[in-house]
Amino acid sequence: MDNLDKIGSSIRSLRKSKKMTLQQLAKETGLSTGYLSNIERNITSPTLMNIQKICDVFDSSLSDLLERNAEERIVIRREDREVILDEEQDIRMETIDFGIENLSFIYTELPRQSETSEEWWTHEFGEVGTVLEGELTVNIGGEIFELKAGDTIYVKPHTRHCYYNKSETSKSVSFWTRFWEKTQDGQEN
């Protein structure tokens with residue numbers, strides 16, 4: 001890497017090579033997971049003080065980060081995905097990150113009759129979700145969409161939404177693409 005603008009990709013690459021989760025890095029540095037996530041996606045530029053905190057955890061230096069080339073990823077094996085579990089709801093989410101700026105992916109499994117209809121989200125990014133298996137109910141601002149395998153839905157940035165599986169017989173599997181749009185002046189939207 002030859003500039004500071006893409007240091008987040010180097011941090012992510014180094015973190016993953018050390019088999020460390022974002023939550024573990026947050027705990028070690030005292031920085032929030034949201035802030036670190038934005039750094040890794042090159043949305044936020046870290047301060048020199050925060051870079052030093054990160055380097056201390058990795059026993060690395062700023063020059064190491066600048067020289068480190070983020071590995072071009074072509075294949076991400078299932079066992080290499082970062083897994084997010086909600087054990088109470090038996091929900092499994094896996095993040096899939098190729099290090100592409102402003103783009104990430106989520107693989108989601110919801111058990112039958114998941115009770116997540118009261119968990120609302122609003123994101124600064126847009127999402128496109130495709131149901132791979134089973135059914136998925138998506139509520140976007142009070143409008144309900146019943147999706148079946150093969151159906152795809154778009155959720156605009158800053159839109160209140162939730163999704164859940166009402167099926168009594170099968171789990172719901174979906175794949176989501178998350179993307180950050182840029183405005184005409186080049187700023188993140």
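**Entry 1: the three-stranded sheet**

I began with an open sheet of three strands, whose order is E6-E5-E8 and whose pairing is antiparallel; strands here are DSSP runs of E with at least two residues, helices are runs of H or I with at least four, and both are numbered from the N terminus. I took two strands as paired if DSSP finds at least two bridges between them. Strand E6 (143–148) and strand E8 (161–164) stand at the edges with a single partner strand each, so one side of each has no neighbour in the sheet. Neighbouring strands of this sheet are turned by 20° against each other on average, direction ignored, the axes being lines fitted to C-alpha atoms.

I noted that the model is predicted, that local features need pLDDT of at least 70 and side-chain atom pairs pLDDT 80 or more, and that totals for chains, interfaces and linings use all residues. Residues are numbered from 1 along each chain as its sequence is written, and side-chain values use heavy atoms, with hydrogens and water left out.

**Entry 2: E5 and Thr137**

I then followed E5 to E8, which pair in the antiparallel sense over four bridges, and found Val138 opposite Tyr163 in E8. Thr137 also lies in strand E5, which spans residues 135–140, and at 2% relative accessibility Thr137 counts as buried (buried means under 20% relative accessible area, exposed over 50%, partly exposed in between, with a 1.4 Å probe and protein chains only). The side chains of Thr137 and Glu146 are joined by a polar contact of 2.8 Å, that is, a pair of N or O atoms within 3.5 Å, of which, within protein, one must be able to donate a hydrogen and the other to accept it. Leaving aside neighbours within four places in sequence, I listed the contacts of Thr137 (heavy atoms within 4.5 Å), among them Ile144, Phe145, Cys162 and Tyr163.

**Entry 3: the aromatic pair**

I looked up ring pairs next, where rings of Phe, Tyr and Trp (its six-membered ring) pair if their centres lie within 6.5 Å, and planes under 30 degrees apart count as stacked, over 60 as edge-to-face and the rest as tilted. The count comes to five aromatic pairs. Tyr163 and Trp176 form a stacked one, at 5.1 Å centre to centre and with 20° between the planes. Because Tyr163 lies in strand E8 and Trp176 in strand E9, this pair ties together parts that are 13 residues apart in sequence. Tyr163 is buried at a relative accessible area of 7%, and Trp176 is buried at 1%. Ring pairs link Trp121, Tyr163 and Trp176 into a cluster.

**Entry 4: E3 and its partners**

From strand E9 (residues 172–179) I moved to E3, with which E9 pairs in the antiparallel sense over eight bridges; here Leu103 stands opposite Phe179 in E9. Five bridges join E3 to strand E2 (residues 91–96), again antiparallel, and Met93 has Thr108 as its bridge partner in E3. Seven of the eight residues of E3 (residues 103–110) are buried, so this strand is largely enclosed by the rest of the structure.

**Entry 5: the cores**

Last, I checked the nonpolar cores, each a set of buried Ala, Val, Leu, Ile, Met, Phe, Trp, Tyr and Cys residues joined through side-chain atoms within 4.5 Å. The largest has 16 residues, of which Ile11, Leu25, Leu36, Ile54, Phe58 and Leu65 touch the most other members. Helix H1 (7–17), helix H2 (22–29), helix H3 (33–40) and helix H4 (48–58) each supply at least two residues of this core, and H4 gives the most, with four. A second, separate core of 12 residues includes Ile91, Ile140, Tyr163 and Trp176.

How values were computed
Axes fitted to C-alpha atoms, helices over the stretch in contact; angles between N-to-C directions.
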